[in-house]
Amino acid sequence: MTASGLAAIGAYAPRLRIDAAEFEAAWGRFDAAGIDAKAVPDADEDAVTMGVEAARRALTAADASGTDVAHLAFATTTPPMAEEDLAARLCSILNVPDDAKTQTMTGSTHTGAQALDATMDGGPFGDGIGLVIVSDCPRGDPDSEVEHAAGAGSVALVVDDDGPGAVVDRASHTEAYPGTRFRTGGDDRTTGLGVTQYDREAFITTLGSAAERLAVPIDDLDAAAVQSPDGKLPYRATGALGVDAETIAAADTVSTLGDTGAASAFLGAATAFADDAERVLIAAYGSGASATLFVATGPVPVETALDGAVSLSYAEYLRRRGEITRDEPEGGGAYVSVPSWQRTIPQRHRLVAGRCVACGALNFPPTGACNDCHERTGDFEAVELPGTGTVAAVTTIEQGGAPPEFVAQQSSSGEFDSAIVALDGPSGEQTVSVPAQVLDTTDEVTIDTPVVLTTRRIYTQEGVIRYGFKAQVASQRR
Amino acid sequence: MRDAYIIGAGQTPFGSMPEESYRSLFDHAVSEAVDSVDHGIDTDAIDEAVVGSLGVGGRQLGLSGPAATEHAGLHGIPSVRVENACAASGYAVRQAVQAVKSGMADVALAGGVEVMTDMSSDVTKYWLGVSGETEWERLTGTTFSGVYAQMASAYLREYEASEEHLSMVAVKNHRNGAKNPKAHLGFECSLEDAASAPVVADPLNLYHCCPTSDGAAVALVASADVVEQYTDDPIRVAGVGAASDRVGLFQRDSYTAVSASEAAATTAYDRAGVVPDDLDFAEVHDCFTIAELLAYEDLGFCDRGEAPQLLEQGTTEADGAMPVNLSGGLKSKGHPIGATGAGQIVEAFKQLTGRAADRQLAAPKYGLTHNVGGSGGSAVVHILEREAAR
C-alpha cells in the first residue's frame with residue numbers, strides 16, 4: 001500500500017547570492033565547474049527555517065494546511081542539531097497534528113529520496129497528506145571544492161493518493177563506495193578525497209544500476225533532475241541514465257543555486273514542473289553510495305521562491321559563513337530557560353494569541369491579566385493570527401547597540417531592524433502588537449510598512465537553537 | 001500622616017572611578033549627606049536605610065543593602081535594597097518617606113549606588129538590557145537604546161519633531177552639566193557635535209544617549225517631629241507619586257507617552273497641591289534625549305506634541321521659565337542606574353537650599369524630580385518645597 005500522488009511542490013532558496021567571480025577574485029580560481037552563482041543562507045537561516053519556507057509554499061500550492069499532514073519526513077545532510085528529532089519542531093511550526101508519523105533523515109545527499117520513498121510507503125493517506133521536506137545547506141573548508149560549490153535550498157513535496165501529479169515508478173541501487181564525499185563525526189564541514197575517476201564511477205554505477213530496475217521507459221522525458229554536486233558531474237550520467245544533456249539541463253538549478261545537497265534533484269524537479277513539464281526523472285544520489293530514481297508525471301502545482309535579491313562580496317560571504325566573525329561574548333545574554341521557552345512555543349511557532357473573555361481584546365502573549373481591560377480572567381480564547389501586519393515603531397540597531405546574545409548575528413549580518421509590529425487579528429478588525437526583528441531588506445523600513453511574519457532562528461542558548469518569528473517586508477516576500 | 005523633610009543630601013561625583021568600590025562610593029555619599037545637615041546629625045540617629053541598586057555586574061546582588069550600610073558604619077539598622085531598574089533610588093526615597101510618614105522612623109536614609117564602568121563593553125551590554133522585557137522585547141535584539149529609539153521613531157512620526165530636537169536636548173543638558181563639578185560628561189557640546197555623532201539605534205546617536213557611570217547618592221529624610229533639630233530651612237517632601245506599567249513597550253497603550261510618568265506626576269501634583277506652573281525647576285529622567293521630550297509632556301509642562309516648541313522657546317533652559325536638568329541630567333551629569341533617582345534629590349536639595357553654586361536659581365520654592373525605570377515600566381515623581389520664605 002502506497003501513496004503515489006504528487007499534489008504540489010514548494011521550493012525555496014535564500015535571497016543572498018554570491019557570484020563565482022567573487023571567488024575567482026579572492027582565490028584566483030573557482031573550483032566548482034558549471035556554477036555561475038550560488039545561494040547563501042543568512043545568519044538566521046538553516047535547514048529547518050528553509051524547510052519551513054518550502055513547506056509553507058507547498059501547502060499553499062496544494063491548497064492544504066499543516067493540520068492535513070499525516071506523515072512528515074524531514075531530510076537534510078545539515079541538521080542544525082546533530083541529535084534531536086527536528087521533525088518535532090517542524091511539526092510544531094507547521095501546525096501538524098501530534099499523531100502524525102514523523103521521520104528525520106540524514107547521512108548523505110541521497111536522504112531526500114529516502115524520505116520521499118518512505119513517505120510514499122506510509123500511504124495511503126485518505127483525506128490526509130504526506131509532507132516531504134528536503135532542505136540542505138552544505139559547507140566545506142573555505143578553499144575546498146565542496147565549499148566553492150556549496151549552495152542552499154529546500155523543497156517540499158505534498159504526497160497524497162490522487163495527485164494531480166504522480167510518481168509512476170521508482171527504483172534504487174546501493175553499493176559500497178566509501179570515501180567519495182563524507183564528514184567525520186563532530187565536524188560541520190564536508191570533504192572528499194578527490195579521487196576523480198573513483199567518484200565518477202560511484203555516481204554512474206549507482207544511478208545506472210537503479211535506472212536498469214525501472215519498469216517504465218524513460219525515453220519521453222521533459223527533464224531529468226539529476227543530483228548535482230557541481231555543474232558538470234550530472235552530465236557524466238547521460239549514458240548510464242539514457243538521457244541527453246539537454247534533458248538534464250532542462251532541470252538545472254546548480255548553476256544558479258550551487259550544490260543544494262539532498263535537495264538538489266528535487267529542486268530540479270520543482271523548476272521543471274514549474275515550467276509545465278509533463279514527465280520528469282528525479283535522480284538522487286548520495287555518497288556511500290546509493291541512488292534512487294523516481295519517474296514523476298505532471299502537472300504538479302509549484303510555488304517557488306528561488307530568485308536571488310542581494311549579491312554578496314566574498315568578504316560579506318565569509319561573514320555570513322561565520323568564518324571571520326565573533327561568537328557570543330563572555331558574560332552571556334538574557335537567560336530564557338528552555339522550559340520557559342517551550343511554554344511559549346505556540347506563540348513563537350504559530351502566533352497563537354488570546355482573546356480576553358472579559359473585553360474581547362487580543363493579547364500576545366496570552367498570559368496574565370488582560371493587556372487592555374486588566375481583568376484577571378485567567379482565560380483567553382486561543383486565536384491563531386494570520387501573520388500579517390504593519391510596523392508601528394522601528395529602529396535600526398547599529399554596531400554596539402545589540403545585547404551580547406545578538407553579537408554573533410550582528411557580526412555575520414550587520415545592522416538589523418527591530419520593530420514593534422501591529423499584527424492583524426483573524427478577521428482584520430483588531431490588531432495586537434508584538435516585538436519582532438525585521439529581516440534584512442533593500443527597502444527602508446518605516447512606520448506603516450506592511451510586513452508578513454516568517455520563521456527564523458532567534459538565537460542559541462545553552463546549545464539549544466531557539467526558533468521564532470521575524471517580520472519580513474511584505475513587498476520583499478518572494 | 002506627618003510630613004517628611006529632606007534634611008541633607010549628598011553624592012559622589014558621577015563618572016568612571018576604578019579606584020572606588022560600590023561600598024566606598026556609598027560611604028562617600030553618606031558622608032556628604034551627613035555633612036550637609038545644617039545642625040549636624042549623628043549617624044546613630046538614622047533609624048533605617050533603603051538602598052537603590054540594579055546590581056549591574058552582579059557584585060553583591062543579594063543583601064547589597066546591608067553590605068553597603070554596614071560598610072558605611074550604619075550598624076545594625078534595618079537596611080534593604082530596592083530594585084526598580086533606573087528608578088531604584090527614586091523608589092528608595094519614596095520608601096524612606098513612607099517610613100518617616102508612617103511613624104516607623106524619625107530619620108531614614110535613602111540612597112543608591114551603581115558601578116558600571118569596570119566591566120568589558122559586552123558584559124555592560126548584558127546588564128543594560130536586563131530591565132527590558134526579557135522573553136520577547138529583548139529577543140528582538142534590543143537594549144534600552146533600541147527601545148527608546150522605537151519610541152523616538154513613533155514620536156517623530158506623530159508630531160512636528162525632528163532629530164534636531166533630540167540633539168537640542170543634549171546641547172542644553174551639557175551646557176548645564178558643564179557647570180556641575182560632579183558631572184560625568186561635564187563639557188559643552190555644539191549642536192553640530194550632537195547631530196553628527198555615530199548612530200547607536202536610529203534615530204538615536206551617541207549624543208542622544210546618556211553615559212553609563214559609577215556613583216552613589218544619599219538623601220536623609222526626617223519627620224516633622226524632629227526636623228527642627230537638624231535645620232532651620234526645612235525642605236518638605238510636598239508630594240510623591242509613583243506608578244507602574246507593562247515592562248515591554250509593545251504591550252503599552254502608547255509609544256509616544258510614558259503613562260507611568262503621567263500617573264506618577266498627577267499623584268504628586270495632587271498630594272503637593274501644586275500645578276506644573278508652580279514649579280521653579282525640574283530634574284527629569286533623560287536617559288535618552290527623546291525621554292526628556294516625552295517627560296515635558298508626561299509631567300504636564302506642555303500639551304502632547306509641544307515639547308519641541310518648549311525646547312525651541314528656551315523655556316527649559318537654565319534661564320527659562322521652567323529650567324529642566326540644571327544638574328546636566330542623566331545625559332551630562334551621568335547615570336549610575338541605582339544612584340540616579342537619589343542624585344536628582346541631591347540636585348533639588350541643593351537648588352532649594354541655595355547650594356547649587358554656578359547653576360543656582362534665584363530663590364526657587366518648588367522643585368520636581370522624575371525618575372523612570374526601564375522604558376517606562378515604573379516611574380516615581382517627588383515634589384520638594386522650601387517652606388521658609390527667602
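Two residues count as in contact here if their C-beta atoms, placed from the backbone, lie within 7 Å. On that basis, 34 residues of chain A touch 34 residues of chain B. Keep in mind that this is a predicted model.

**Where the chains meet**

- On the chain A side, strand 17 (388-397), strand 18 (416-424), strand 19 (431-438) and strand 20 (450-461) each put in at least two residues.
- Strand 17 of chain A gives the largest share of that side, with six residues.
- By class, the chain A side splits into 20 nonpolar, twelve polar and two charged residues.

**The nonpolar core**

- The largest nonpolar core has 271 residues, and A:A283 and B:A219 are the ones touching the most other members.
- Setting aside neighbours within four places in sequence, A:A283 has contacts that include A:L207, A:A224, A:A225, A:V226 and A:L241.
- A:A265 is also one of the contacts of A:A283, and A:A265 is itself a buried residue of helix 10 of chain A.

**Helix 10 of chain A**

- This helix (residues 264-274) is largely enclosed by the rest of the structure, because ten of its eleven residues are buried.
- Among those buried residues are A:F266, A:L267 and A:F273, along with A:S264 and A:T271.
- After the helix comes A:D276, which has a positive phi, near 70°.

**A helix crossing in chain B**

- Helix 6 (residues 163-177) and helix 10 (residues 289-298) of chain B pack at about 95°, with axes 8 Å apart.
- That angle makes the two helices of chain B roughly perpendicular, since 65 to 115 degrees counts as such.
- From helix 6 of chain B come B:H165, B:L166, B:V169 and B:A170, which meet B:T289, B:I290, B:E292 and B:L293 of helix 10 of chain B.
- Sorted by class, this helix contact has five nonpolar, two polar and one charged residues.

**A buried loop residue, A:A13**

- A:A13 sits in the loop between strand 1 (5-12) and strand 2 (16-19) of chain A.
- With 32 other C-beta atoms within 10 Å, A:A13 is buried.
- Leaving out neighbours within four places in sequence, its contacts are A:A39, A:A152, A:G153, A:L257 and A:L306.
- A:A13 and A:T260 lie 247 residues apart in sequence, yet their C-alpha atoms are 9.2 Å apart in space.

**From the record**

- UniProt, in an unreviewed entry, lists residues 5-224 of chain B as "domain: Thiolase N-terminal".
- In the model, the end C-alpha atoms of residues 5-224 of chain B are 7 Å apart, and the span is 36% helix and 17% strand.

Conventions
Residues are numbered from 1 along each chain as its sequence is written. Chains are lettered from A and ligands numbered from 1 in the order in which they are written. This is a predicted model: local features need pLDDT of at least 70, side-chain atom pairs count only at pLDDT 80 or more; totals for chains, interfaces and linings use all residues. Axes are lines fitted to C-alpha atoms, for helices over the stretch in contact, and angles run from 0 to 180 degrees between N-to-C directions. Helices (H or I, at least four residues) and strands (E, at least two) are DSSP runs, numbered from the N terminus. Angles under 35 degrees count as roughly parallel, over 145 as roughly antiparallel, 65 to 115 as roughly perpendicular and the rest as oblique. Ala, Val, Leu, Ile, Met, Phe, Trp, Tyr, Cys and Pro count as nonpolar, Asp, Glu, Lys and Arg as charged, and the others, Gly among them, as polar. A residue is buried if 20 or more other C-beta atoms lie within 10 Å of its own, exposed if 12 or fewer, and partly exposed in between; C-beta atoms are placed from the backbone. UniProt positions are given in the numbering used here, feature names are shortened, and annotations may be inferred rather than shown by experiment. A nonpolar core is a set of buried Ala, Val, Leu, Ile, Met, Phe, Trp, Tyr and Cys residues joined through C-beta atoms within 7 Å.
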